[in-house]
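Please read it alongside the sequence and the coordinates.

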Amino acid sequence: MGSERDAPAADRDADAGPPAVDLAGVSKHYDGTVAVEDVDLRIREGEFFTLVGPSGCGKTTTLRLIAGFEAPTEGRIRFGGRDVSGVPPEERNVGVVFQNYALFPHMTVGENVGYGLRFSEPPGGASRAERVRDLLDLVDLSGTADRDPESLSGGQQQRVAMARALAPGPDLLLLDEPMSALDARLRERLRLQVREIQRELGITTVYVTHDQEEALSVSDRVAVMRGGTPEQVAPPRSVYRRPASRFVAEFVGDNNVFEGVVAGTDDESAGGGTDSPARTVLVDIGGETLRVAVDEREDAATGTPGPGDRVTFCVRPQHLRVGRAENGLRATVASAEFLGETTRVHLDCDGRDLVVRAEDPLDGTVVVGFDPEDAHVIDVGD
Ligand code: ATP
């Protein structure tokens, strides 16, 4: 993920051509149920773009709207600037992979892949047999063309489904929870393979998952959806480090969210002759005052909090250090989950739940503190 940048998406849209997929004001209602509401998304050419969010947030419906299996109640969908309203799915030149591989048991692996060519000839003048062979090579299943699909593992079957979707040379690949039927270890391996194939082909890909770790690990950008609408659209690192809302902060990884009122600014951090955009504010969280750095450049969207403003900020568990009294809080250990490489410890801090990471077992009363720069301001209000 080295090429990924943290710049806000809007900054980088300026130098791009028309988006590969453009959703403008798209809604989908079913008899009073709002599945998707006023969605604006611009997915770039060659991008691996992921829709992530809890069950029922509208991920699959958004994907089905892009595929053309559903028509929007409102709004427009364009591919490369071309309005595709009224274009049926088979004419949209998209490849779709679903959660249940849906391979035909009465066909061989090769015939299943060849089935992807039922509406079109192989691209580039290849024969059908060549195309099937090339695709099986691509998904690392060379030599399996004559096998019965049910003799393959779940991960292999899903790669056959992917080869079938790619057979006609689609402009766009849509993947709906393609890993969810597989066990955890296999999912990790397959997601890397999917990412490699996507990079090799440079194909614009829209991926749906409810698994935030999966979303962070494979995507160029992620849309975190809630109640039918994306709440934040950004590269994985931005979504993780600078969540735009409390919902995103708590959905993507563990987090500690605090609310309080700005009691003042920390004069030592103000200006000081440097061009650092960071300023530290003192936040009263109800009896305790914590120092929180506000990066006036990074946090421009939330505005700079001043005295009396209500602020919501978060600190990741790995930044809430056990034994650090400075800028810290006292808490008691409530429970611990041993995770192998680390232990996730739940603390009770005057009725507030906190989560930290620890290498050694903890019990009793502890102090936990954080660097003001490791806090992120999510929201500023009056
Ligand atoms: P999951 O992760 O559980 O698959 P999702 O984020 O993909 O969820 P959708 O399947 O898009 O969510 O559904 C969004 C909302 O729209 C849900 O409340 C769902 O019940 C509703 N919905 C989806 N399809 C239909 C339909 N055909 N008829 C009525 N309601 C629907």
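In this predicted model, the ligand is surrounded by Y30, T33, A35, P54, S55, G56, C57, G58, K59, T60 and T61. By class, this shell holds 4 nonpolar, 6 polar and 1 charged residues.

**Ligand contacts**

- A polar backbone atom of G58 is 3.0 Å from an oxygen atom of the ligand.
- T60 also places a polar backbone atom by the ligand, at 2.9 Å from an oxygen atom.
- For T61 the atom concerned belongs to the side chain: a polar atom there lies 2.5 Å from a ligand oxygen.
- On its own the ligand has 640 Å² of accessible area, and the protein covers 59% of that.
- The largest share of the shell, 3 residues, is supplied by α2.

**Nonpolar cores**

- In soluble globular proteins, nonpolar side chains tend to be buried together.
- The largest nonpolar core has 32 residues, and the members that touch the most others are L166 and L173.
- At least two residues of this core come from each of α3 (109-115), α4 (128-138), α5 (154-166), β7 (172-176) and α6 (184-201).
- With 6 residues, α5 makes the largest contribution to this core.
- Beyond its neighbours within four places in sequence, L173 is in contact with G95, V97, M162, A165, L166, I203, T204, T205 and V206.
- Another core, of 27 residues, lies apart from the largest one; I66, I77, F79 and V84 are among its members.

**The loop residue T73**

- T73 sits in the loop between α2 and β4 (74-79).
- The relative accessible area of T73 is 43%, so this residue counts as partly exposed, a class that lies between the limits of 20% and 50%.
- Leaving aside neighbours within four places in sequence, the contacts of T73 are S27, K28 and H29.
- With H29, the side chain of T73 has a polar atom 2.8 Å from the backbone nitrogen.
- T73 and L182 are 109 residues apart along the chain, and their C-alpha atoms are separated by 34 Å.

Technical notes: Residues numbered from 1 in each chain as written. Predicted model: local features only at pLDDT ≥ 70, side-chain atom pairs only at ≥ 80, totals over all residues. Heavy atoms only, no water. Core = buried A, V, L, I, M, F, W, Y, C linked by side-chain atoms within 4.5 Å. Buried < 20%, exposed > 50% of the residue type's maximum accessible area, 1.4 Å probe, protein only. Helix = DSSP H or I, 4+ residues; strand = E, 2+ residues; numbered from the N terminus. Contact = heavy atoms within 4.5 Å. Near = heavy atom within 4 Å. Polar contact = N/O pair within 3.5 Å; in protein donor to acceptor, adjacent residues only side chain to side chain. Areas by Shrake-Rupley, 256 points an atom, 1.4 Å probe, with all protein chains shown as cover. Nonpolar A, V, L, I, M, F, W, Y, C, P; charged D, E, K, R; others polar.
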